[in-house]
Amino acid sequence: MQNYVDLHRHGAVRTAMLDHPCVALRLMVAHAVTGSGLWQVRVEPQRTANEAVAASIAASRAEAAFAEKRRAVLALLGQADEEGAIAGGNGDAFALAAVFARLLALCDDDVMRVLSLVMAETLEAGSAVVEALGNHLGIDMGAWWQADDAFFDLLRDREIANAMLADLAGKPVADGNVAEKVKTQKKIIRDCLSGENGREKTDNWMPNWMKFPVESYTKRGGFRTADQWASVQPLFVRQ
């Protein structure tokens with residue numbers, strides 16, 4: 001009898017919901033926030049390879065702006081005193097109903113703010129969808145990133161360092177240092193960025209790896225970000 005009652009009530013409610021998309025939207029967002037017996041949403045863990053990368057990400061402009069927007073959304077949900085991710089709950093039924101009730105009281109614009117934050121928290125790093133979204137939105141990485149110590153510490157390929165040097169100081173300088181160690185070439189690159197040691201200062205430099213759309217420095221392959229963009233580019237860019 002319980003099964004009979006459950007399924008008939010379920011059928012009536014879900015069919016009626018189809019005529020109320022704004023309610024369905026709020027319920028979907030609530031599911032993404034708290035989870036359920038059928039929904040399992042995981043927050044992007046932002047795993048870092050070492051402490052230097054972790055420090056670089058933590059100090060970035062994007063992380064600071066994201067944290068501020070997250071606090072604003074927590075306030076909308078009546079959780080202003082809480083910290084951490086909004087999405088990825090444990091599937092508690094009461095928590096799901098509580099968030100749903102809160103969302104029903106919010107205007108559409110505020111619900112969309114919650115939805116956007118939840119989607120952002122669950123956006124998979126290093127995925128093709130990041131490349132698709134970044135290119136669709138026309139992201140200017142210059143507003144969010146600049147070369148730091150962690151970037152230069154991780155730059156260890158001499159051919160790529162020379163290509164970057166050519167971008168900044170010109171091909172003659174790059175050709176004159178092509179046989180130099182990576183350390184030496186990186187030093188010149190940093191001098192170009194800071195305007196030190198007689199180098200003309202270059203502002204707003206953006207390496208190919210950070211641009212949208214992303215570009216490789218060599219034809220050797222193996223650069224996952226470029227491969228990810230190549231796999232979805234035909235879907236978003238008309239030739």
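Analyst: Just after α9, G170 takes a positive phi of about 100°. Helices here are DSSP runs of H or I with at least four residues, numbered from the N terminus. The model is predicted, so local features need pLDDT of at least 70 and side-chain atom pairs count only at pLDDT 80 or more, while totals for chains, interfaces and linings use all residues. Residue numbers run from 1 along each chain as its sequence is written, and side-chain values use heavy atoms, with hydrogens and water left out.

At the other end, the start of α9, a side-chain oxygen of D157 reaches to within 3.0 Å of the backbone nitrogen of E159. Helix α9 itself covers residues 158-169, and its end C-alpha atoms lie 16 Å apart. That agrees with the 16 Å that its 12 residues should span at 1.5 Å a residue, the expected span being 1.5 Å times one less than the number of residues.

The buried residues of α9 are I160, A161, N162, M164, L165 and L168 (buried is under 20% relative accessible area, exposed over 50%, partly exposed in between, with a 1.4 Å probe and protein chains only). An α-helix has 3.6 residues a turn, so residues three or four places apart point the same way. Among the elements that cover the buried residues of α9 are α8 (149-154), α10 and α11.

Between two of these elements, in the loop from α10 (171-176) to α11 (182-194), sits N177. Its relative accessibility is 15%, so N177 counts as buried. Leaving aside residues up to four places away in sequence, N177 touches N162, L165, Q185 and I188 (contact means heavy atoms within 4.5 Å). Both N162 and L165 are also on the buried list of α9.

With a relative accessible area of 24%, T225 is partly exposed. The contacts of T225, again without residues up to four places away in sequence, are E131 and V214. P213 is 12 residues from T225 along the chain, and their C-alpha atoms are separated by 9.9 Å.

Elsewhere in the chain, α2 (residues 21-34) packs against α6 (residues 108-121) at an angle of about 35°, with the axes 10 Å apart. Axes are lines fitted to C-alpha atoms over the stretch in contact, and angles run from 0 to 180 degrees between N-to-C directions. On the α2 side the contact is made by C22, L25, R26, V29, A32 and V33, and on the α6 side by D108, V111, M112, V114, L115 and V118.

How values were computed. Helix = DSSP H or I, 4+ residues; strand = E, 2+ residues; numbered from the N terminus. Polar contact = N/O pair within 3.5 Å; in protein donor to acceptor, adjacent residues only side chain to side chain.
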